[in-house]
Amino acid sequence: MTSPMYDASVPVIKQMLSALSDVLKKAEAHATEKNIDPSAYLGARLFPDMFPLSRQVQIAADFAKGIASRLAGADVPSWPDGEPSFAELQALIAKTLAHVGSFKPEQFEQSASLEIVLRPGTPKEKKLSGSAYLLHYGLPQFFFHVTTSYAILRHNGIEVGKRDYMGAY
């Protein structure tokens, strides 16, 4: 039997990151086919006060590795965010998928009751149980950034639909 916390996190994250990778491949292919500078997509935003596509992908990857690491009781790795290109974003997703995929269901057995501390030692410190962290903070944040990445590309003419967003399940 696997852990419900594992089932609600790792497979879901892997599905959505893989789908995001595929959507980015379509965007890169579209840019190449239409002779569009890739930076037009990488820097695209839904609104001026929102992060661009490249940052949305980076944040989605940050939440993915953070969710899996914290719930497994492991340290969250710190990876620098470089100047984004489609290739660098694909490498980041691949690295994140490998990290998330390295955890075993047994590591999540007690994770529902773990105390997760966000922004420790700051005025914004917040303490949550593992289940509250996953269901009310981590996954909603992760999905927001994956969805926004998808929406930016769709808004900019990349022909993707719900099946692309969902990926294989």
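**View 1. The largest nonpolar core of this predicted model.** Start with the inside: 45 residues make up this core. The residues with the most contacts inside it are L24, I67, F108, F142 and L153. Helix 4 hands over the largest share, with 10 residues. As a bit of background, nonpolar side chains in soluble globular proteins tend to be buried together.

**View 2. F142 and the residues it touches.** Leaving out residues up to four places away in sequence, F142 touches I13, M16 and L17, and also A60, F63, A64 and I67. I67 and F142 are both among the residues with the most contacts inside the core.

**View 3. Helix 4, from end to end.** How many of the 20 residues of helix 4 are buried? The count is 17, so helix 4 is largely enclosed by the rest of the structure. You can check its length too: at 1.5 Å a residue, helix 4 should span 28 Å, and its end C-alpha atoms sit 29 Å apart, which agrees.

**View 4. A151 on helix 6.** Now look across to E125: A151 and E125 are 26 residues apart in sequence, and their C-alpha atoms are 31 Å apart in space.

Definitions and conventions:
Residues numbered from 1 in each chain as written. Predicted model: local features only at pLDDT ≥ 70, side-chain atom pairs only at ≥ 80, totals over all residues. Heavy atoms only, no water. Core = buried A, V, L, I, M, F, W, Y, C linked by side-chain atoms within 4.5 Å. Buried < 20%, exposed > 50% of the residue type's maximum accessible area, 1.4 Å probe, protein only. Helix = DSSP H or I, 4+ residues; strand = E, 2+ residues; numbered from the N terminus. Contact = heavy atoms within 4.5 Å. Expected span 1.5 Å × (residues − 1).
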